[in-house]
Amino acid sequence: MTRSQPETTMSRKRTSPALPATLPWYLANAPVEGGDMVEVRDKFSGKVATRVPVVGKAEIRKAIVAAHRARGPMAALSADVRRDVLQHCVRRFGERHAELAQALCIEAGKPIRDARGEVDRLIDTFRIAAEEATRPPGELLNLAVSERTRGWRGMLRQVPVGVCSFITPFNFPLNLVAHKVAPAIAAGCPFILKPALKTPVGAMIIGEVLAETDLPKGAFSILNCSNDDAALLVEDERIALFSFTGGPVGWELKSRAGRKKVTLELGGNAACIIDADPGASLEHIVERLAFGGYYQSGQSCISVQRILVHRDIYPALKKRLRAKVKALVMGDPRKDETVIGPVIDEQAAERIASWIEDARNAGAKVLVGGKCDGNMLPAHLLEDVPRHCDLQRKEVFGPVALLQSFDDFDDALRQANDSDFGLQAGVFTARLDHAMRAWDQLEVGSVIIGDVPSFRVDSMPYGGVKQSGLGREGIRWAIADMSEPRLLALRDGSHG
């Protein structure tokens, strides 16, 4: 059904899930069958798609011990061996492309067009890591800076930091895993990964491919566990780096991490500014806004949430965007025409619907909308949402975008900054001075000129400020976090 059709109860009939009845977990590179199982449901049909084991503290401790023992062998792997492991993954993911996309469609409810794109990015991310594995950074230092240090020189190289623990969310079950796993292998760090319990299948397929390689025993473990038991992955002193992608709970986890390095990616409520002379046709801008606001049903940390449009072009853009959003197809995520699939669960849909209703009651106008059907939430476009509303202040994480006009570009920058988050922002402008002013003044990790904030290349630094997190991902930056400098100081014997 499309957004322009009347609301009806949606048929959830489906063929049987194309997944094995059960999946293993991975301990020290090897699959482990059986144990207490949890159901993974098809997010569109609601049927059980597969079952995965859930482990407890004893198994997590075994994974940490194995990773700790693997520090030396992983650090000793030559760069070409690390590269070859990553290239093997690239080949195998390519061979299993359709299977991976189908798994995403089932476990995450991700529309198949978005699922295929995520598999492409998974492959890109491992390919970039393979390239970076053979060019580790180094530096030659001149230590002869005074009479006292004449004859001294230094050489600096990066060495693996040690055991890493990773916790990833449900919305990118492949590529957000890849952005932690691939740089860890490239850096020479053993790791333990906890994927989201709602979407563990992609991570287990990655584990299956890694198990085909000759990584040292203990190089990786991939496990499902409760959030309470996952505290070991945060607090254990044998872990040198903890990397978390998820919600605000990340700050509380950081407070429990002790001396280890911590990187956090905690979401956003991204703004996109459309200047009076945007430097592109309104048709193109509307296409990009519709993509940025509604791809994978809006469940992205850099989804377009707040759209700020110059008053001179506001009526024309509003008319086009309203028609575009109204025409977005909602339905079975396995169908190529589907843009809006299910959100992750009914609780998420109910939360978003309550925020929409609160905004409406506060005076916002719903330009496009509809009623929930379970976890199916139609695409929404709202106008003039008051600043105090949750839709403005928090991360929606659903198919909802907000329209608002502005008169002055500097005021648009202030409105964009009026947020507790600061991940990415988009700016459409033909003026170089406005582009540079946005770069200077927007309080975000990345300013995207000429496109929506949803733009990301997997080789670029990615992360935010304020409540959006700490540190940067992107392969080269993640490798740097998973490494530490080691200096060699040499004295020339001819200087006594």
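Buried here means under 20% relative accessible area, exposed over 50%, and partly exposed anything in between, with a 1.4 Å probe and protein chains only. Helices (H or I, at least four residues) and strands (E, at least two) are DSSP runs, numbered from the N terminus. The model is predicted, with local features needing pLDDT of at least 70 and side-chain atom pairs counting only at pLDDT 80 or more, while totals for chains, interfaces and linings use all residues. Residues are numbered from 1 along each chain as its sequence is written, and side-chain values use heavy atoms, with hydrogens and water left out.

Strand 12 (residues 271–274) runs parallel to strand 18 and is joined to it by 3 bridges, with C272 having G426 as its bridge partner. Strand 19 (residues 446–449) also pairs with strand 18 in the parallel sense, over 4 bridges. Here G426 has I448 as its bridge partner.

Helix 15 (residues 432–441) comes into the picture next: strand 18, helix 15 and strand 19 make a right-handed β-α-β unit. Right-handed means that, with the strands pointing away from the viewer, the path from the first strand over the helix to the second runs clockwise. Within helix 15, H434, A435 and A438 are buried. They sit on the same side of helix 15, because they cover an arc of only 105° around the axis, the arc being that of the directions from the helix axis to the C-beta atoms. L432, W439 and D440 are exposed on the other side of helix 15. The buried residues of helix 15 pack against helix 14, strand 18 and strand 19, contact meaning heavy atoms within 4.5 Å.

S419 lies in the loop between helix 14 (409–417) and strand 17 (421–422). With 7% relative accessibility, S419 counts as buried. Its side chain makes a polar contact with the side chain of N269 at 2.7 Å. A polar contact is a pair of N or O atoms within 3.5 Å; within protein, one must be able to donate a hydrogen and the other to accept it, and residues adjacent in sequence count only if both atoms are side-chain atoms. Neighbours within four places in sequence aside, S419 is in contact with N269, R306, R393 and K466.

Now for the charged pairs. A salt bridge is a side-chain nitrogen of Lys or Arg within 4 Å of a carboxyl oxygen of Asp or Glu, and the count by this rule comes to 33. One of them joins the side chains of R334 and D42 (3.8 Å, N to O). This pair links distant parts of the chain, 292 residues apart, and both R334 and D42 are buried. Another salt bridge is formed by E383 and K318 (3.0 Å, N to O); E383 is in strand 15 (residues 380–383) and K318 in helix 11, 65 residues apart. E383 counts as buried, at 8% relative accessibility.

Note on methods:
Two strands pair if DSSP finds at least two bridges between them.
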